[in-house]
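Q: Could we go through this model together, starting with how its chains meet and then moving on to the domains and a few backbone details?
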Protein chains: 2
Amino acid sequence: MPNPTAAMLVIGDEILSGRTRDANMHYLAGELTKTGIDLKEVRMVSDDAPAIIDAVRQLSGAYDHVFTSGGIGPTHDDITADCMAKAFGQSIDVRDDARSLLADMYERTGRELNEARLRMARIPEHATLIDNPVSTAPGFTIENVHVMAGVPSVFNAMVASVLPTLTGGKALLSQSLTIMRGEGDIAAPLARIAADYPQLSIGSYPFQRDGVFGAQVVIRGFDGAMVDEAILRLGRTFPA
Amino acid sequence: MPNPTAAMLVIGDEILSGRTRDANMHYLAGELTKTGIDLKEVRMVSDDAPAIIDAVRQLSGAYDHVFTSGGIGPTHDDITADCMAKAFGQSIDVRDDARSLLADMYERTGRELNEARLRMARIPEHATLIDNPVSTAPGFTIENVHVMAGVPSVFNAMVASVLPTLTGGKALLSQSLTIMRGEGDIAAPLARIAADYPQLSIGSYPFQRDGVFGAQVVIRGFDGAMVDEAILRLGRTFPA
């Protein structure tokens, strides 16, 4: 049986103007190759609704899977979610499941879930959410299109959430922990935990928040009890 | 008057498999922005004739200019030139002007212009050649499509050859000199020459040949006498 085929759609003026160098295409290409999915085509378009809608319809019809990156943040030029709804004839609004994820996170971190941030809970009616262990605001899968963030650490984490579901394997379980230390401080203990749990996949997604370095550590595996055990050990190693 | 529009087509299995990270898109995007040409879309496809032909026809019809990168080398999977001829209904064969450029260069460097290398002189009948000051084998312009190499140093040099011709300005003249030293050795004298000739553009394109580092230095400007003067001074600074 031939491998499944895929295309990628990179969305964003900042890429086409040369202000930002895209990193997600190269990352996805490598991950798909490891997974046995053939990336056949990439398109990059600007934050322009007709261009996005046209491209996603064409790619969705031509390939088994489509992965998009960019345009799902809180600002006015983040139009990807609305374009996806339009491309597939679905309605779109703030959805309760996405809103509750965001509300929990903002309450936990003592920040306000304002109107702009609530935009990130706008999800097409029949889409399923994609887990975002780095910054909570979810991506989504609509038809055969996986809609993900442009920020590389978030994109990479979402790819890790989605890919195992495409290969017909068992569901991958995950737990995550935010550690407010620089990656240099956590790398060695993390490597020891990874060595003790070779069946688990342990990812670290660094960020900077209010000038402080931190990392979201995500532990994934098929054995839920083992994932729980590893995340507990991580929590004891790095008490809040 | 709105800016002219452009698209880019990146050709190559090695990009889509994740083995190579494309660098040309980001470079071209920056150069087009400086030139006042709006890059509206990028596509990346594999070394697959129908995919290449289809993409270049669509992009050529939709935008003022199309820039391609990759697939014009000497190996069997370099099919870009043949695809371009097919896309625009032109015949293609080894062309005398391109063959003579290659023959001169291989004679000068004491290497053989064999069958494989002669492939790089296959040019569609009505295309015009694009100067390649780094490694001689030319690119070409067919209709509104500028067909260039995938190797970043060559791609960058070809972009510098093409862009001035698109903005309706005067023809830019160029002279080049190969210097068999590492760029670290030539940077300071080159900077002094550049400072003395602010009206000229001086580019250095490094390469490694048979284990020895060298650089092709290209001096461009509108005043031919000044370009000649600067290249003579460069030659005296770095005698062969």
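A: Before the interface itself, a definition: two residues are in contact if their C-beta atoms, placed from the backbone, lie within 7 Å. This is a predicted model, in which local features need pLDDT of at least 70, side-chain atom pairs count only at pLDDT 80 or more, and totals for chains, interfaces and linings use all residues. Residues are numbered from 1 along each chain as its sequence is written, while chains are lettered from A and ligands numbered from 1 in the order in which they are written.

Q: OK, how many residues of chain B are in contact with chain A?
A: On that definition, 16 residues of chain B are in contact with 16 residues of chain A. The largest share of chain B's side, 7 residues, comes from E2(B), where strands (E, at least two residues) and helices (H or I, at least four) are DSSP runs numbered from the N terminus.

Q: And which surface does each copy use?
A: The copies meet through the same surface, because 100% of the interface residues of chain B are also interface residues in chain A.

Q: In what sense do the E2 strands pair?
A: Strand E2 (residues 38-45) of chain A and E2(B) pair in the antiparallel sense over 5 bridges, pairing being called when DSSP finds at least two bridges between two strands. Within this pairing, A:Val42 stands opposite B:Met44 in E2(B).

Q: Switching topic, how is chain A divided?
A: Chain A has domain 1 (5-166) and domain 2 (173-237), with bounds from an automatic or database domain assignment. Their C-alpha centres lie 24 Å apart, and 7 residues of domain 1 are in contact with 9 residues of domain 2.

Q: Last one: what about phi of A:Thr136?
A: Phi of A:Thr136 is near 75°, a positive value in a residue other than glycine, and A:Thr136 lies in the loop between strand E6 (128-130) and strand E7 (139-142) of chain A.
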